[in-house]
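Reader: I would like to go through this model with you and see which words rest on which cut-offs. Could we begin with one of the sheets?

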Amino acid sequence: MDAEIRNAQGERLDYAFHAAKSHSPFTVVIGHGVTANMDRPFVSVLAASLAKAGIPALRFSFSGNGDSQGDFREATITKEVADLGVVLDALEGERKHIICSTHGALFKIEDGYCISGPCRSSSLEAVPVTIKNGAVLIL
């Protein structure tokens, strides 16, 4: 994958794609914590290890972090969720899931259904939210 990824503000998001030799049915997308970036050793090792195990991975830096364009002072949860959305959209045609970093469960994005892991056959519970002045508010 070598396409340029830009968010809604037109800022280029820095990313690295780790291809795998097998034909895995999904690609793992790895973000990072607050004030970090995609080049943190843990993130780099995780992506390389997944690819070596046959699972392609894409690691990226949210806008305003690492080599991504933007100003960190303008970072909000809403903007980071939107950044993640454009990264997922760039993987068009790929199967997309959420992986829990605590216990490794694999969830379908469209309905939160757990397809693998300790909570298999359960679902995430939807939490109603609204966006007001760029902030995500739980209702």
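Author: Gladly. Three strands in the order β4-β5-β6 form an open sheet with antiparallel pairing. This is a predicted model, in which local features need pLDDT of at least 70, side-chain atom pairs count only at pLDDT 80 or more, and totals for chains, interfaces and linings use all residues. Residues are numbered from 1 along each chain as its sequence is written, and side-chain values use heavy atoms, with hydrogens and water left out.

Reader: What makes β4 and β6 edge strands?

Author: β4 (97–99) and β6 each have a single partner strand, so one side of each has no neighbour in the sheet. From one strand to the next, the twist averages 35 degrees; the axes behind such angles are lines fitted to C-alpha atoms, for helices over the stretch in contact, and angles run from 0 to 180 degrees between N-to-C directions.

Reader: Why is R59 called buried?

Author: Buried means under 20% relative accessible area, exposed means over 50%, and partly exposed is in between (1.4 Å probe, protein chains only). R59, in strand β3, has a relative accessible area of 10%, so R59 counts as buried.

Reader: What makes the approach of R59 to M38 a polar contact?

Author: A polar contact is a pair of N or O atoms within 3.5 Å; within protein, one must be able to donate a hydrogen and the other to accept it, and residues adjacent in sequence count only if both atoms are side-chain atoms. A polar atom of the R59 side chain lies 2.9 Å from the backbone oxygen of M38, and that distance is within the limit. Leaving aside neighbours within four places in sequence, R59 is also in contact (heavy atoms within 4.5 Å) with residues including D14, Y15, H18 and D39.

Reader: Why does E11 count as buried?

Author: E11 is in the segment before β1, and its relative accessibility is 12%, so E11 falls under the 20% limit. Its side chain makes polar contacts with the side chains of N7 (2.8 Å) and K79 (3.0 Å).

Reader: And how do you know that N65 is buried?

Author: N65 lies in the loop between β3 and α2 (77–90). The relative accessible area of N65 is 4%, so N65 too is under 20%. Its side chain reaches the backbone oxygen of S63 at 3.3 Å.

Reader: Which residues make up the largest nonpolar core?

Author: There are eight: I5, L13, Y15, L58, F60, F62, V87 and L91. A nonpolar core is a set of buried Ala, Val, Leu, Ile, Met, Phe, Trp, Tyr and Cys residues joined through side-chain atoms within 4.5 Å. Another core, of seven residues, lies apart from that one, with F26, V28, V43 and A47 among them.

Reader: Why is the pair of F60 and F62 called edge-to-face?

Author: Rings of Phe, Tyr and Trp (its six-membered ring) pair if their centres lie within 6.5 Å; planes under 30 degrees apart count as stacked, over 60 as edge-to-face and the rest as tilted. The ring centres of F60 and F62 are 4.7 Å apart and their planes stand at 65 degrees, so the pair is edge-to-face. The structure holds one aromatic pair, and both F60 and F62 are buried.

Methods: Helices (H or I, at least four residues) and strands (E, at least two) are DSSP runs, numbered from the N terminus. Two strands pair if DSSP finds at least two bridges between them.
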